[in-house]
Structure formats: structure tokens, C-alpha cells
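This report describes selected features of a predicted model. The sequence and structure are shown first, and the description follows.

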Amino acid sequence: MIPRVFAVGGSTAAPAIKESKPSQLSMFGKASPAATETQQIISEPTDASYQTVDADDKINSLIEKLKEQKEISLAVATDEAENFDFNITGLAFSFSVNEAFFVPIKDKGRLQDFAEVFSSERISKTGHNIKQSILSLKKFGIEMQGQLFDTMLAHYLIEPEASHDLGILCNQYLSTQLIASDTDEAKNYGERAERTLQLKSHLEKELHVRGHWRLGREVEMPLVYALASMEFEGVALDEAALNGMSSSLKKDSEKTQSEIFKLAEAEFNIASPKQLGEILFDKLKLLDKAKKTKTGQYATGEEVLVKLAEEHEIVRKILDFREYEKLRSTYVDALPKMLSKFDNRIHTDYRQAVAATGRLSSNNPNLQNIPIRTEKGRQIRGAFVPRDKNFLTMSADYSQIELRIAASFAKDETMTEAFRTGRDIHTTTAAKVFKVDIDKVTPDMRRKAKEVNFGILYGSTAFGLSQNLNISRGEATEIIDSYFKEFSAIKKYMDDSINFAREKEYVETILGRRRYLRDINSRNMATRQFAERNAINAPIQGSAADIIKIAMINIHRWLQREKLKTKMIMQVHDELVFDLHVDEQEIVKPKVTELMRTAVILDVPMDVEVGIGKNWLEAH
DNA sequence: GTGAAGCACT
DNA sequence: CTCTGGGTGCTTCACC
């Protein structure tokens with residue numbers, strides 16, 4: 001029986017959560033009310049044994065011992081080659097306190113000896129950032145299986161914004177230092193495996209106390225397999241297309257640069273905010289009272305420049321120059337350099353314990369900020385292509401997930417009804433706010449309503465709205481007042497969130513993931529207001545993260561169980577991207593849609609938009 | 001090496 | 001009138 005998240009997933013997928021819950025009530029229920037007591041840790045003996053196991057007979061008896069275990073702690077040692085071109089240099093294991101074994105890997109054949117241990121469903125695996133170990137083994141043909149426990153992820157649930165560094169956790173929970181030798185790999189990795197095993201029991205207790213056990217066991221830990229798979233599969237690029245864009249952007253950029261120099265009657269480094277500020281404000285005097293940054297330089301950010309665009313034609317050209325250089329340096333030229341020699345694909349690293357709200361982040365490279373807004377930027381998505389001619393790109397994204405979550409948590413009848421009947425939410429909002437019939441909503445009214453809807457999720461103020469819409473503060477205040485009158489349950493929900501935070505000093509997502517807001521009662525107004533915006537935003541953004549994580553787990557399990565060739569390859573917060581096998585379109589498209597829609601059932605239905613194309617741009 | 005500024009995404 | 005939209009990661013400049 002394949003374990004499932006909630007009751008969802010698998011071919012018999014049934015909506016798991018029938019009734020909706022108020023946002024501050026965890027679907028996973030509450031833990032014991034007792035406050036978390038920091039336990040007094042008894043200092044550990046220091047005679048730990050970290051043995052290097054190199055001889056065949058010793059290795060065989062280690063393997064036999066490993067097979068007898070119900071749980072083992074492990075750490076896979078690798079060299080530091082970048083772009084997924086690393087090698088495995090050793091394996092560390094621990095299954096009893098103060099004892100660890102390190103097996104140097106000089107020949108990849110040796111890994112096979114351990115394959116049965118790694119792939120055993122009976123042996124659960126513990127690690128600190130265990131995704132790295134799973135991925136390393138996967139690259140060399142070994143498939144990890146079995147229940148996971150990751151001490152990094154456990155601590156992330158307990159204290160999301162703290163450091164989850166193994167050494168620091170050892171200090172905190174075990175009152176021990178890591179030795180961290182420069183030369184002795186066996187000692188380093190053996191120690192890591194052994195300390196991780198010890199940490200596990202401390203963190204498990206802590207998870208229970210805080211009511212995060214199921215969130216860990218059923219979401220964060222299983223998600224590791226899905227992420228390791230996505231990273232392993234990687235993403236293919238159309239290098240020729242990117243090369244073309246690079247030349248073209250370079251030409252555009254050089255042309256724009258010379259035009260800027262001519263207009264400025266000077267040559268300078270446009271990429272230097274300091275030099276640019278001096279040209280615009282000292283030499284050309286585009287503003288009498290130019291804004292300064294913290295460090296006393298002139299502010300030359302996009303916000304400032306857009307408002308000056310009418311003043312002087314140089315400003316538009318500077319914005320263009322910035323766009324071209326950004327696209328070229330960050331994407332068009334950088335991405336091809338990150339293609340792996342292993343399979344000529346891009347392998348990002350999804351970080352599961354970084355974002356304070358529960359979102360993932362992506363780095364080396366960041367695949368979650370590939371351009372889409374401008375036309376030249378969009379073209380970059382066209383270079384994200386399927387792995388070969390038998391595949392297409394499929395993109396599936398949640399439509400307005402955060403606003404739906406807010407409507408559901410707030411139990412706002414007006415907004416819930418709009419989502420239930422499938423009406424355009426921004427148009428509906430505009431009709432309410434501006435008190436006109438739906439068919440009398442102008443594009444400008446819709447634009448304003450859309451901005452308010454976004455602003456709500458971020459705890460934005462009249463000032464923020466006026467800045468974004470370039471309208472007066474008075475007008476912004478009027479719009480917001482009208483909004484809260486029409487959507488009074490939204491307003492109440494926001495107040496409730498802040499009050500909950502004031503009392504508890506944290507807020508929670510639908511799965512009970514916490515974000516601590518220790519500044520919520522600060523006497524410093526700016527500090528306090530920042531915490532208040534987080535009190536509104538974190539449960540919504542974090543619940544969206546919870547929901548897509550469940551969907552990812554269920555989709556990954558289904559693709560595996562059905563032995564499909566289609567692979568999930570990217571996550572961009574509310575979007576999942578797939579390498580879709582051409583023969584599997586009719587099976588995969590509806591199933592992915594269904595698994596995303598039903599990951600969690602709210603008062604408001606989830607809408608998922610799916611597109612298929614020859615590249616990421618066309619799939620949208 | 002590090003912080004600031006700026007900007008790409010959701 | 002304080003301050004002023006949540007969350008990330010990457011590149012460049014400028015300075016240490």
C-alpha cells in the first residue's frame with residue numbers, strides 16, 4: 001500500500017477534507033496545550049567511535065547489520081563539482097548512539113553493494129538535508145525508498161526563521177560541538193550521520209509538542225522524494241535560441257548605451273547607480289529634490305525612473321538598457337553555463353527550509369524567477385523545452401489560489417460566490433467597489449480592483465495602493481473603504497488574524513505550519529506594522545504553499561505508481577511544469593488537474609489552468 | 001568577501 | 001505624522 005497524503009492521491013482519489021476550517025484551526029489538529037519546555041540535555045560522552053570501513057569482509061558485515069535495522073541515519077559524501085557533475089566519495093551510516101561507519105567510495109560498483117539497504121521500504125532513513133543524499137545516489141542509479149526523517153526539515157517546522165545548520169542544532173539540542181576536521185572525511189561524515197540520529201529523537205518530541213508531527217510526516221518528509229526527482233530529471237534548454245537572444249540583446253544594449261551617452265553628453269557606467277544618479281540629478285537636474293537611499297546616494301530604481309520618463313528621453317533608454325542587461329546577464333548568458341555535462345540539462349536546487357512562510361525556493365539556478373512580463377523576457381521561456389521529441393511541456397497552475405484561500409478563510413459570501421460561479425474575480429470586485437453593474441466595469445476599474453485584491457493579500461495600505469496605481473491617497477482611501485464595506489468578512493478576517501497573532505505571537509497555515517511574529521506587540525510602530533502585514537499574509541501564502549506541496553506529493557506518487565514517462569520538473573509557487581510524454585497527454589492532463597484541485601478542499605473551489613506546448617512559453 | 005542597489009518571479 | 005505590499009535569488013558595483 002502506497003502511503004498517501006490525507007486520503008487523497010492514488011487512483012481512488014477522494015477529497016480528503018470535507019469540511020472547511022477557520023484559518024487558525026489546523027487541519028492536523030492541535031498538540032498538547034503544554035508550552036514547549038526546553039529540555040535539559042545531559043552532556044554526551046565524548047568517546048564516539050567513527051570507523052572507516054574499507055575491507056570487503058567488513059563492508060559485507062556492515063551491510064548485514066544495516067539490513068537488520070528498522071531505521072538508519074546516513075550521509076552521502078560528494079566532491080564539490082558544480083552543475084550536477086559531482087561524484088560520490090563516501091557513505092556514512094549510523095544506527096546507534098556514538099557509533100558511525102564511513103565507507104570510502106573509490107569505485108562506483110561499490111555503491112551497488114548497498115543498493116538493497118537504500119531501496120528497502122522496511123528501513124527508514126534519517127538525514128540532515130537528506131534530499132542531497134537521495135539525489136546523489138539517484139544520479140548513480142540507486143533509488144532510495146522508505147520513510148524519511150530529515151532533521152533540517154523538522155527544525156524548519158519548529159523554528160522556520162532560525163538557522164538549521166547541523167552544527168548549531170548540535171549545540172542547541174545535544175550540547176556538543178561538531179569536530180569538523182579539514183582532512184578526515186570519515187570523521188566528518190560519520191559524525192554528521194551519528195549526530196543526526198541523536199537529533200532526531202529530540203526533534204521528534206518537539207514536533208509532537210507543537211502539533212507539527214503530521215505536517216512533517218505527511219507533507220515535508222514525503223515531499224523530499226518529489227523534489228529529488230524533479231531536480232534529478234532537470235530541464236532542457238534550447239541553447240541555439242538563447243545564443244540568438246544573447247547577440248540580439250547585446251546589440252540592443254550597445255545601441256541604447258551609445259544613445260544614452262549622447263543624450264548625457266558623457267560616458268559613464270550606466271550599471272553604476274552612483275554614477276547614474278550623478279548624471280541624472282547633478283548634471284541633468286531631472287529633479288530638484290531627488291530621493292536618496294539609506295547610504296546617501298540618489299535613488300535610481302525603476303519606481304523613480306518611471307515617474308521621470310516624461311521628463312527626458314534618456315530615462316526611457318536607461319530603463320531599456322537595464323532590462324536588456326538584466327535579461328542577458330541573469331538568464332540568457334547564465335543559464336547555458338549551468339547545463340550539466342551529465343545529461344545536458346539544468347538541475348536546480350529546491351530549498352525546502354528557507355522561506356519563512358513555507359514556500360520553496362529555487363537556486364543554482366533560480367527557476368522561479370524566469371521572466372514573463374515583458375516581450376523580450378517572455379522569449380526566454382521559449383527556450384525551456386522538453387527533453388526530446390517524444391515530449392511536450394505541460395504547465396498547470398492554480399488560478400488565484402491566494403485570493404481563494406482568503407475568501408475561504410474569511411468565509412466571505414460575496415467573494416466565495418464569485419469564485420463558485422466562476423466569474424472574473426477582479427471584474428466582480430470592481431463592480432462591487434465602484435457600485436456599477438458587471439457589464440459597466442471599465443478596464444481601468446478592473447485594473448484598480450485587481451491591485452486592491454493583491455494589496456489585501458499583502459496587508460497593503462492606502463499609501464501603497466496610491467503608489468501602485470499612481471492615484472491620490474484620498475482616492476486610494478475611498479477605494480479601500482468601499483472594498484471593506486463590500487467585503488466585510490475579509491476585513492474581519494484580517495483583524496482576526498492580527499488579534500490571533502497578538503495573543504499567540506504566531507500565526508498558522510491550514511496545516512498548522514507556524515510563523516512566529518514576535519514583533520507583533522512591539523512599541524515601535526513600523527516594526528509592529530510589519531509584523532501585522534505578516535500576520536495577514538503568512539497564513540495565506542503559507543497555506544497556498546501547503547496545498548501545492550500536497551498536490552506535488554500525490555502527483556509524484558501517481559506518476560511513479562503508474563510508471564509513466566511523464567515527469568514533474570518545476571514548481572513556481574502556484575504552478576507545476578511537466579515533461580509530458582506525447583502518448584500520455586490524455587491520462588496525465590486530467591489527472592494532474594484533479595490532484596491539484598482536490599489536494600485540499602476549501603469552501604471555495606480551486607481552479608487549475610493547464611496548457612500544453614512545444615516549450616514553456618507555449619504551454620502557458 | 002560583504003553589503004547595497006536594483007530587479008526577475010509569484 | 002511615524003511608515004508604508006508578502007516571499008524569494010542573482011548580478012553588479014563599490015568598498016573593505
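## The antiparallel sheet

Strand E11 (residues 391-399) pairs with E16 through seven bridges, in the antiparallel sense.

The open sheet consists of four strands in the order E14-E15-E11-E16, with antiparallel pairing. Its edges are strand E14 (567-571) and strand E16 (607-613), each of which pairs on one side only. Direction ignored, neighbouring strands of the sheet are turned by 25° against each other on average.

## Surroundings of Leu207

Leu207 lies in helix H7 (residues 185-210). This residue counts as buried because it has 22 C-beta neighbours inside 10 Å, and the cut-off for a buried residue is 20 or more.

Apart from neighbours within four places in sequence, Leu207 is in contact with Ala154, Leu157, Ile158, His212, Trp213 and Gly216. Ala154 is 53 residues from Leu207 in sequence, yet the C-alpha atoms of the two are 7.1 Å apart.

## The surface near DNA strand B

There are 22 residues around DNA strand B, of which Thr293, Glu302, Asn369, Arg373 and His573 come nearest. By type, the residues of this surface comprise six nonpolar, nine polar and seven charged. Helix H12 (residues 313-332) contributes the largest share, three residues.

Conventions. Residues numbered from 1 in each chain as written. Chains lettered and ligands numbered in written order. Predicted model: local features only at pLDDT ≥ 70, side-chain atom pairs only at ≥ 80, totals over all residues. Near = placed C-beta within 6 Å. Helix = DSSP H or I, 4+ residues; strand = E, 2+ residues; numbered from the N terminus. Nonpolar A, V, L, I, M, F, W, Y, C, P; charged D, E, K, R; others polar. Buried ≥ 20, exposed ≤ 12 C-beta atoms within 10 Å, placed from the backbone. Contact = placed C-beta atoms within 7 Å. Pairing = 2+ DSSP bridges. Axes fitted to C-alpha atoms, helices over the stretch in contact; angles between N-to-C directions.
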